[in-house]
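Here is a briefing for a reader meeting this structure for the first time. Look at the sequence and the model, then read on.

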Protein chains: 2
Amino acid sequence: MATNVLSRTGRARHEAILTAAARAFLEEGYGISIDRVAERAGVSKQTVYNHFGSKEDLFGEAVALLIQDLTVPLDTAPKDSDPEIVLRQLARQSLSMALEPEYLNGHRLMVAEAQRFPEFAAMAYEAGVARVTRSLANYLADQTARGRLAVKEATLAAEHFFGMVTGHIHLRALMGAGAIPTAEQIDRHVDLAVATFLRAYRPS
Amino acid sequence: MATNVLSRTGRARHEAILTAAARAFLEEGYGISIDRVAERAGVSKQTVYNHFGSKEDLFGEAVALLIQDLTVPLDTAPKDSDPEIVLRQLARQSLSMALEPEYLNGHRLMVAEAQRFPEFAAMAYEAGVARVTRSLANYLADQTARGRLAVKEATLAAEHFFGMVTGHIHLRALMGAGAIPTAEQIDRHVDLAVATFLRAYRPS
DNA sequence: AAAAAGTTGGACTGGCCAGTCCAATGCCCA
DNA sequence: TGGGCATTGGACTGGCCAGTCCAACTTTTT
């Protein structure tokens, strides 16, 4: 017979529980009870334990899944345009990603559980910020080699770029302080950050 | 008789419990039990409840105390020196503060409990980052008026400055990724951030 | 069609914790 | 010195939760 997509057993069920658990942890934190996770997954508690041995194991697999899902696609931008275009696009993309509720919740979860599960926070950092920063550093070095930028310390410059673009706004959103910035505010923020960066790093 | 500094009763005791609780929450999070707080304060559980009605109340007062204590002294720098000196000093100070374990723990605590106690995170943001950013924005506007800088959007520029200086390193420390930066690394980071900022904002 | 495997819900254990109660004890002030 | 007050520790309640167990039930496989 045709494979049942909504199979009530087997591997599909495993995945269904896992993604439900991931969303549950994201939204309600590690403190959520297994009973509640099971309820959200539409499954009995025992079934959760049949598939994942313990809460810690389930959390571990859920975080791994989240990290995988949230990992930035990266490198879809055409690298030949003017740096201003490339950087502006990168900045907009990074900032709107950083403000996404899912991403904010993920960040909160990692920070909140960094004591209990130190590896996960580090993994998330590596899969996210670190990867993107390295990629930008490569781009900056490359453009410098082509004479379109004058960046000496590419890694530091990349860190500074993301710090400028996301740092403050991200923090404010995390702390729930002030209103969520409007699209225009974000644009102004991004445009000025890119302009500042370029004023400092255009070849003279 | 002379007032007993280590008084076993009265207001001094109240303060003693409060500061012990503040440290306890900082180090072990809101999940810590009242029994443990009492133990750390060298006091019985009942006494904690005599002084503070509930765990939430105690947490509230503890956070208020922490916010007060950790609030940046601010404005001790001579504002007449060259902006490079002032900014470099400000950057160094902010970054080393952001990396202080006490400060990192406070940040973690606020982020972790932002759902349960949204007001506190917002208060901490206001008392910390927001205040300092406003102060820097004023300084930038002032120096621009004096012709020593050319900053148009002082608030945005100040946000960018702090983002550059603290953003990335702070995040890495929060996530427990990589080694704690050495003093030289911090200096390089700060010097380059200030240089970048000034290259963009020196009057031409 | 029947066995094997997976699922269900509900009951249960043991542990942790906020908050209360109380009788005994120590402290402070008149 | 004595009376009032805070403190103590230990027992206790009620609630929540991870994890287990089991007997009835459903799905899958052969």
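The points below go from the whole model to single residues.

This is a predicted model, in which local features need pLDDT of at least 70, side-chain atom pairs count only at pLDDT 80 or more, and totals for chains, interfaces and linings use all residues. Residues are numbered from 1 along each chain as its sequence is written, while chains are lettered from A and ligands numbered from 1 in the order in which they are written. Chain A has nine helices and zero strands. Helices (H or I, at least four residues) and strands (E, at least two) are DSSP runs, numbered from the N terminus.

**Confidence**

- pLDDT is the predictor's confidence in each residue, from 0 to 100.
- Chain A has a mean pLDDT of 92, and 93% of its residues reach 70 or more.
- Among the elements of chain A, helix α2 (residues 34–41) has the highest mean pLDDT, 98. Helix α1 (residues 10–28) of chain A has the lowest, 93.
- Over residues 1–5 of chain A, pLDDT stays under 50. The model gives this stretch zero contacts beyond four places in sequence.
- Two residues are in contact if their C-beta atoms, placed from the backbone, lie within 7 Å.

**Overall build of chain A**

- From the N terminus on, the order of elements is α-α-α-α-α-α-α-α-α.
- Taken along the principal axes, the C-alpha atoms of chain A fill a box of roughly 65 × 45 × 30 Å.
- Of the 204 residues of chain A, 37% count as buried. A residue is buried if 20 or more other C-beta atoms lie within 10 Å of its own, exposed if 12 or fewer, and partly exposed in between; C-beta atoms are placed from the backbone.
- Take the contacts in chain A with a separation of 6 or more: 66% of them join residues 24 or more positions apart.

**Two domains**

- Chain A is divided into domain 1 (2–54) and domain 2 (65–201). These bounds come from an automatic or database domain assignment.
- The C-alpha centres of domain 1 and domain 2 of chain A are 32 Å apart.
- Eight residues of domain 1 of chain A are in contact with eight residues of domain 2 of chain A.
- On the domain 1 side of chain A, the touching residues are five nonpolar, two polar and one charged. Ala, Val, Leu, Ile, Met, Phe, Trp, Tyr, Cys and Pro count as nonpolar, Asp, Glu, Lys and Arg as charged, and the others, Gly among them, as polar.

**Two chains**

- The contact takes 34 residues from chain A and 34 residues from chain B.
- On the chain A side, α6 (101–112), α7 (118–145), α8 (154–174) and α9 (183–201) each give two or more residues.
- α8(A) supplies the largest share of that side, eleven residues.
- The side of chain A that touches chain B divides into 20 nonpolar, seven polar and seven charged residues.
- Chain A is superposed on chain B by a rotation of 180° with 0.0 Å of shift along its axis (RMSD 0.0 Å). The two copies are thus related as by a two-fold rotation axis.
- Both copies use the same surface: 100% of the contact residues of chain A recur in chain B.
- Copies are superposed by least squares on the C-alpha atoms of residues with pLDDT of at least 70 in both.

**Helix α1 of chain A**

- A:Ile17, A:Ala21, A:Ala22, A:Ala24, A:Phe25 and A:Leu26 are buried in α1(A).
- The cover over the buried residues of α1(A) includes α2, α3 (45–51), α4 (55–70) and α6 of chain A.
- A:Gly29 follows α1(A) and has a positive phi, near 80°.

**Single residues**

- A:Leu140 lies in helix α7 of chain A. A:Leu140 is buried, with 25 other C-beta atoms within 10 Å.
- Leaving aside neighbours within four places in sequence, A:Leu140 is in contact with A:Leu149, A:Val151, A:Ala154, A:Ala157 and A:Ala158.
- B:Thr133 is in helix α7 of chain B. B:Thr133 is buried, with 21 other C-beta atoms within 10 Å.
- B:Thr133 and B:Ala158 are 25 residues apart along the chain, yet their C-alpha atoms are separated by 5.8 Å.
- B:Glu102, in helix α6 of chain B, is partly exposed, with 14 other C-beta atoms within 10 Å.
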